[in-house]
2 protein chains.
Amino acid sequence: MNPEIPRITIAEAGRHAGETVEIAGWLYNLRRGGKICFPQVRDGYGTIQCVAVKSNLPEETFEKLKDLTQESSLIVRGKIRAESRAPGGFELDVESADIVQRVPESDPYPITPKEHGIDFLMDHRHLWLRSRRQHAALKVRHQVIKALRDYFDSHGFTLVDTPIFTPAACEGTTTLFEVKYSDEENVYLAQSGQLYSEATAAAFGKVYCFGPTFRAEKSKTRRHLTEFWMVEPEMAYSDLEDVKRVGEEMVLFVIAGVLENCQEDLKALERDVSKLEAVKAPFPRMSYDDAVKKLQSKGSEIQWGGDFGNTDETLLTDDLDRPLMVDRYPAAVKAFYFQPAPERPELALGVDFIAPEGYGEIIGGGQRIHDLDLLLKRLEEHDLPREAFDWYIDLRKYGSVPHAGFGMGVERFTAWMCGLEHIRETIAFPRMLYRTRP
Amino acid sequence: MNPEIPRITIAEAGRHAGETVEIAGWLYNLRRGGKICFPQVRDGYGTIQCVAVKSNLPEETFEKLKDLTQESSLIVRGKIRAESRAPGGFELDVESADIVQRVPESDPYPITPKEHGIDFLMDHRHLWLRSRRQHAALKVRHQVIKALRDYFDSHGFTLVDTPIFTPAACEGTTTLFEVKYSDEENVYLAQSGQLYSEATAAAFGKVYCFGPTFRAEKSKTRRHLTEFWMVEPEMAYSDLEDVKRVGEEMVLFVIAGVLENCQEDLKALERDVSKLEAVKAPFPRMSYDDAVKKLQSKGSEIQWGGDFGNTDETLLTDDLDRPLMVDRYPAAVKAFYFQPAPERPELALGVDFIAPEGYGEIIGGGQRIHDLDLLLKRLEEHDLPREAFDWYIDLRKYGSVPHAGFGMGVERFTAWMCGLEHIRETIAFPRMLYRTRP
């Protein structure tokens, strides 16, 4: 309308104190008296309280603002004023305003300040994302992803994305999604990019893939989604110790990024940031053997040979302020591709990072088999079809080297950063056993 | 073996001239005489020529190196020496070497320096990636992706990943992949994140999603994959002109990153970099009307109302050194969600960026419908099921604003950067109509 008035985001308001600016957003909240009203506007970058005084405005403008409905879209213009009592430290004194679309009283915005059930909110996920806590959680997620990529990009890793359509399973066949690819062929959705990353690591040295992965999880838990994002580094000429070193360094790098860039978001989420600040190197290390003993001494009924459940993971870390690395699991509970420990071949050279505060396993990885004969034996023991793994077997025939890597799920890590109970709030449109909409 | 000798990558060799170092890699090539041999080693970061002199080495070591087979894995130690005639400018004088795995003569590495057919190479894609040109193309791809993310992260966009499992189609139903989600329900794989990004733009202002997308392309062309990666920014309070501005700025940002960081890779690909250096602002702009006239004057048989084919796109740009923006297409050839041009509602406010050198459409986007009634009308006209779009319709009811965005495919853009004929070489494991392996 007025080309001389600059359009700014609310995040930039502090740099424009005393200036007249334009803000385009949505009505987040409204308080009003007879001759004054306070529309609180959000624009995706923050919220700002506006002050509209009846005597300073054309009557029509004041009347429109005074009765404006929640989430109506509007453009306001006015002077930014420092106000120490205001959230954010600034207010806007309205000089003019245009309503872009008024939400009618007859069909009001469905999410009101009152409490709603989780199913209602999930059904309205496309709108719920506008709420402050949801907005904050996804901002933290963005920072987590950015820091992960920055870490690998600055440490000699090449991003090599692996395929989603795959002919064979990596993590067991019961949780596979099948796709009708053509009249002649069905394929599966990738559960992991690892096997392919083993091929690309032999071409690039150190690689990572970073994309969505799919598991038809039959269990309805707060830790599982059917579609989730995973980063998976893989390193040639590396072993189990490299996984521990890189995993620890990466976790610390990401936490530093979250603490540096997401203070406002963590505040909106009421996250106790001292818990994140406490996470420092070195992370404690423990063998599976010792972990079982520790669990038994704490009353768990786990026996040697069993895998840890959620309760076990929480018990293991309840006296810790940082992730615990547990290594050398029984080979029988791990996938076919783990390199056995040389001194005790019944153990796999795998490691899990278990986060504190009950967030469970955030990293799983280890050293892969590089010997051709051993790999062939394991494929047979696991009853896996050799022809589907022909190309994977090739990697052991043509310049095989010791190599290792790990996977980290974005949603669980973000839930830990945010202090969220359920990982469904760490992804924009979660997909679960009974949830494929919106 | 010797903890005092530092392990370096070949890319770091220049910083270690005169020092004894260790390099872990694979045998790329080998020249030999009677008393000397020259193993060329690659490690994923570069290749270096090593010099092994019989009289300086234990006999066993020299014999092993002299007869080493292609792609055998090995660790070499020795002094880095500047050598202006060597590719990369440095050589390594071998002091000791360990063969990690020797590829047997009886089953040699399948890809030899002789020419292989494309089907053979694609069947061995897991190994072909080690070849210099393939390695270079994927390095450029990584840079393209990094630059895209850096551009959006530094321009106020929030990354909000959109779901892959979706209940409804965005770009037409003939190219959908269907997934059996549960006993009760089938879902489709996303062809675009746009509709969801329209929701998140109303929550975050400016957003982008960046992930794999899926189209069951029945045509076997050099420009199509069934699985490809796309970045899709979406902006609230924006219009067609913003798409042109942001698209142009983004393309220039990515090209600058490729030129700055990928000179060696572009050289390996024999790319004429002057073609990329010539791409500067402003990109020429042309209406669809004028584009049809230009095509007709050049002999094309296109009629007003038709969509451009590959030949048309090449004709339109053959006298240009930078992308052409064509806007205001007939609404009839565009998807249901395009905002009509106010002055001529039979035109859609969409724009395509057509790359020079015959690379065709690299960006497609435009302004979306923000009016509720018009959207409902279009859904009906396109015979789309209203209930599947309920949440999308909500966006026009609760704070609707003019908004716009676009999509850019990573593979086509990378093919342009690399000067590659076929996009199958711009992704690690391409998926096409008749190709789902390895």
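This is a predicted model: local features need pLDDT of at least 70, side-chain atom pairs count only at pLDDT 80 or more; totals for chains, interfaces and linings use all residues.
Colleague: What makes helix 11 of chain A roughly antiparallel to helix 12 of chain A?

Modeller: Helix 11 (residues 372–381) and helix 12 (residues 390–397) of chain A pack at an angle of about 155 degrees. Angles over 145 degrees count as roughly antiparallel, and therefore helix 11 of chain A is described as roughly antiparallel to helix 12 of chain A. Their axes lie 9 Å apart.

Colleague: Which residues meet where helix 11 and helix 12 of chain A are in contact?

Modeller: From helix 11 of chain A come A:Leu372, A:Leu375, A:Leu376 and A:Leu379. From helix 12 of chain A come A:Tyr392, A:Ile393, A:Arg396 and A:Lys397. The residues of this contact divide into six nonpolar, no polar and two charged. Leu, Ile and Tyr count as nonpolar, whereas Arg and Lys count as charged.

Colleague: Why is B:Thr175 called buried?

Modeller: The relative accessibility of B:Thr175 is 17%. Buried means under 20%, so B:Thr175 counts as buried. B:Thr175 lies in the loop between strand 7 (165–166) and strand 8 (178–180) of chain B. Leaving aside neighbours within four places in sequence, B:Thr175 is in contact with B:Gln191, B:Phe214, B:Arg215 and B:Ala216.

Colleague: What joins the side chains of B:Thr175 and B:Gln191?

Modeller: A polar contact of 2.7 Å joins these two side chains. The cut-off for the pair of N or O atoms is within 3.5 Å, and the contact between B:Thr175 and B:Gln191 is listed at 2.7 Å.

Colleague: Why is A:Glu270 called exposed, and why is A:Arg328 called partly exposed?

Modeller: A:Glu270 has a relative accessible area of 67%. Exposed means over 50%, so A:Glu270 is exposed. For A:Arg328 the relative accessible area is 24%.

Colleague: Where do A:Glu270 and A:Arg328 lie?

Modeller: A:Glu270 is in the loop between helix 7 (263–268) and helix 8 of chain A, while A:Arg328 is in strand 13 (residues 324–330) of chain A. A:Glu270 is not a glycine, yet has a positive phi of about 55 degrees. A:Arg328, also a residue other than glycine, has a positive phi near 60 degrees.

Colleague: Which residues does a cis peptide bond join in chain A?

Modeller: A cis peptide bond joins A:Ala281 and A:Pro282, with omega about -5 degrees. A:Pro282 belongs to the loop between helix 8 (273–277) and strand 12 (285–287) of chain A. In chain B, a cis peptide bond joins B:Ala281 and B:Pro282, with omega about -5 degrees.

Terms used. Residues are numbered from 1 along each chain as its sequence is written. Chains are lettered from A and ligands numbered from 1 in the order in which they are written. Side-chain values use heavy atoms; hydrogens and water are left out. Axes are lines fitted to C-alpha atoms, for helices over the stretch in contact, and angles run from 0 to 180 degrees between N-to-C directions. Helices (H or I, at least four residues) and strands (E, at least two) are DSSP runs, numbered from the N terminus. Angles under 35 degrees count as roughly parallel, over 145 as roughly antiparallel, 65 to 115 as roughly perpendicular and the rest as oblique. Contact means heavy atoms within 4.5 Å. Buried means under 20% relative accessible area, exposed over 50%, partly exposed in between (1.4 Å probe, protein chains only). A polar contact is a pair of N or O atoms within 3.5 Å; within protein, one must be able to donate a hydrogen and the other to accept it, and residues adjacent in sequence count only if both atoms are side-chain atoms.
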